[in-house]
Amino acid sequence: MIKLLKANLARLLKNKVFWFGFLVLNVFCIIQKISIIQDTVELHYLEEAFWIQALVIGIVLSIFISLFVGAEYEYGTIRNKIVSGYDRSDIYLANIFTCIIAGWIMCMGCLISSLLVGVPFLGFFHTALSEILLQGICVFALSAAYTTVYCFFAMVIPNHTVVAVVCILLSFVQLFSGIVIGNRLDETEYYYIPDASLGIGEIDDGSHSEWIRNPDYLEGTERRIYEIAFEVIPGGQSLQLSEWYLIEHASYMEMFLASLAWIVLSCGCGMMLFRRKDLR
């Protein structure tokens, strides 16, 4: 498998889609940091949305992986590797590891870009460094989880056009699902209804105003189920780690374990199907 991995990495470094995705993610992170720096109304710190690449890494990887792995079917590379005597599991894992490394290189590039742009203007982290490291571990694990899911489809579907459509749609479905769950968790417990009798310029002292309970507010077991779903779905993790949504009971351990579960499940099912697949 080492030879396969070396060959894949050599192809990766020459792949234009990979470098384009790398550039897009870095530009996205730099623009986000500049927007924070230019906001002089509030006091900002370096750690604010520091891992913003988590928001779009799933979309970028869906495009890259579907084209990078799909090209092996298009040009008959996978069939040639099998004919040459390579084990199917080695072929599958070599592609998985290559794409995981590609995703991690993209994330590391964003990390360096955020530091180079942010530190001169915002200073260093004010939050405990351990917190930043935990977030980073979850981001890299999330990137690997996205990779294994997309590689699952790329390795079992021989048509690279279909793979591209499936992976890109899946990335948006996951993100949209996370937004839907996040909106439900973000519901306030009460609505504030101001005094309708107040005239223009009059100050509301609260004597005739009222708070009405929000029927859509989640609580108890139902809320906990939504929180777990938000941490299990990769799209939900993307939103939390990028700080698009700030959930009170977010657990880095739960997010990491969820990503690990996606990796194991996707790799296990993918290799099982790929070993039985007719590649003629």
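**Entry: charges in α8**

I began with Arg223, which forms a salt bridge with Glu227, the closest N and O atoms being 3.7 Å apart. I note here that I am working on a predicted model. Both residues lie in helix α8, which covers residues 220–232. They are four residues apart there, about one turn of the helix. I looked up accessibility next: Arg223 is buried, and Glu227 is buried too. I then followed the shared partners and found one network of salt bridges that joins Arg223, Arg224, Glu227 and Glu254.

**Entry: the other salt bridges**

How many salt bridges does the count come to? I get six. One of them joins Lys81 and Glu72, with the closest N and O atoms 2.9 Å apart. Lys81 is buried, and so is Glu72.

Another runs from Asp87 to Arg275, where the closest N and O atoms are 3.3 Å apart. I placed both ends: Asp87 is in the loop between α4 (77–83) and α5, and Arg275 is in helix α10, so this pair ties together parts that are 188 residues apart in sequence. I also asked about cover. Asp87 counts as partly exposed at 32% relative accessibility, and Arg275 is partly exposed as well, with a relative accessible area of 45%.

**Entry: aromatic rings**

I went on to the rings, where the count comes to 12 aromatic pairs. Phe50 and Trp51 are both buried.

Phe125 is buried, as is Phe50.

Zooming out, I found one aromatic cluster formed by Phe50, Trp51, Trp104, Phe124, Phe125 and Phe140.

**Entry: charges over rings**

Two cases went into my notes. Arg11 lies over the face of Phe68, 3.9 Å from the ring centre. The charged end of Arg184 sits over the ring of Tyr226, at 5.6 Å from its centre.

**Entry: a nonpolar patch**

Which helices each supply at least two residues of the patch? They are α6 (129–156) and α10 (252–276). Helix α10 gives the most, with five residues. I checked one member from the other helix: Ile137 is found in α6, and Ile137 is partly exposed, with a relative accessible area of 46%.

**Entry: confidence**

The protein chain averages a pLDDT of 85, and 90% of the residues score at least 70. Where is confidence lowest, and where is it highest? It is lowest in strand β1 (residues 190–193), at a mean of 68, and highest in α6, at 93. A reminder to myself: where pLDDT is low, the predicted coordinates should not be read in detail.

Definitions and conventions. Residues are numbered from 1 along each chain as its sequence is written. This is a predicted model: local features need pLDDT of at least 70, side-chain atom pairs count only at pLDDT 80 or more; totals for chains, interfaces and linings use all residues. Side-chain values use heavy atoms; hydrogens and water are left out. Buried means under 20% relative accessible area, exposed over 50%, partly exposed in between (1.4 Å probe, protein chains only). pLDDT is the predictor's confidence in each residue, from 0 to 100. Rings of Phe, Tyr and Trp (its six-membered ring) pair if their centres lie within 6.5 Å; planes under 30 degrees apart count as stacked, over 60 as edge-to-face and the rest as tilted. A charge sits over a ring if NZ of Lys or CZ of Arg is within 6 Å of the ring centre and within 35 degrees of the ring normal. A salt bridge is a side-chain nitrogen of Lys or Arg within 4 Å of a carboxyl oxygen of Asp or Glu.
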